[in-house]
Amino acid sequence: MSHNAPILNHRMEEHFRESLECKINDGDIKLTSGTKGGAAMPSTKRLADLGYKAFSGSMMLLTLYGGYLCSVRAYRYFQRRETLKEAAETQTSEILKD
């Protein structure tokens, strides 16, 4: 590490403090950009809501995918059962080996 690292870290810390402004109102924390024309950052409540919606959406997709896998497995099971039933009736030994 170079001997300029502490100076760079201090400058980065100053820039970070100057560029963000923190406001706390009734348990709702808002971070806003201190730079001119900067858009406000989302509040923690909004971030939590977005996280919850994203998580819920992914769980719905996972449930649908699980249902799809289950139905494919059931379909293959019944197809295999039908094939074995036909093989038993015709005494085809090649299919019974599988």
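User: Which residues make the nonpolar surface patch?
Analyst: In this predicted model, Phe 55, Met 59, Leu 62, Tyr 65, Tyr 68 and Leu 69 form a nonpolar surface patch of about 640 Å². Patch residues have over 30% relative accessible area and no salt bridge, with nonpolar side chains (Val, Leu, Ile, Met, Phe, Trp, Tyr) joined within 5 Å and like charges within 9 Å. A salt bridge is a side-chain nitrogen of Lys or Arg within 4 Å of a carboxyl oxygen of Asp or Glu. Accessible areas come from the Shrake-Rupley method with a 1.4 Å probe, and for residues only the protein chains shown count as cover.

User: Where is Phe 55 found?
Analyst: Phe 55 belongs to helix α2, which covers residues 44-90. Helices (H or I, at least four residues) and strands (E, at least two) are DSSP runs, numbered from the N terminus.

User: What does UniProt say about residues 54-75?
Analyst: An unreviewed UniProt entry annotates residues 54-75 as "transmembrane region". UniProt positions follow the numbering used here, feature names are shortened, and annotations may be inferred rather than shown by experiment. In the model, residues 54-75 are 100% helix and 0% strand, with the end C-alpha atoms 32 Å apart.

User: How many aromatic pairs are there?
Analyst: The count is 2 aromatic pairs. Rings of Phe, Tyr and Trp (its six-membered ring) pair if their centres lie within 6.5 Å; planes under 30 degrees apart count as stacked, over 60 as edge-to-face and the rest as tilted.

User: Why is the pair of Tyr 65 and Tyr 68 stacked?
Analyst: The ring centres of Tyr 65 and Tyr 68 are 6.4 Å apart and the planes are at 25°, so the pair is stacked. Tyr 65 and Tyr 68 are 3 residues apart in helix α2, and therefore separated by about one helical turn.

User: And what about Tyr 77 and Phe 78?
Analyst: Tyr 77 and Phe 78 have ring centres 5.2 Å apart and planes at 70°, so the pair is edge-to-face. Tyr 77 is partly exposed at 49% relative accessible area, and Phe 78 is partly exposed at 47%. Buried means under 20% relative accessible area, exposed over 50%, and partly exposed in between (1.4 Å probe, protein chains only).

User: What pattern does the protein follow?
Analyst: Along the sequence the pattern is α-β-β-α-α, with 3 helices and 2 strands. Of the 98 residues, 5% count as buried.

User: How are the residues numbered, and which atoms are used?
Analyst: Residues are numbered from 1 along each chain as its sequence is written, and side-chain values use heavy atoms, leaving out hydrogens and water. In this predicted model, local features need pLDDT of at least 70 and side-chain atom pairs count only at pLDDT 80 or more, while totals for chains, interfaces and linings use all residues.
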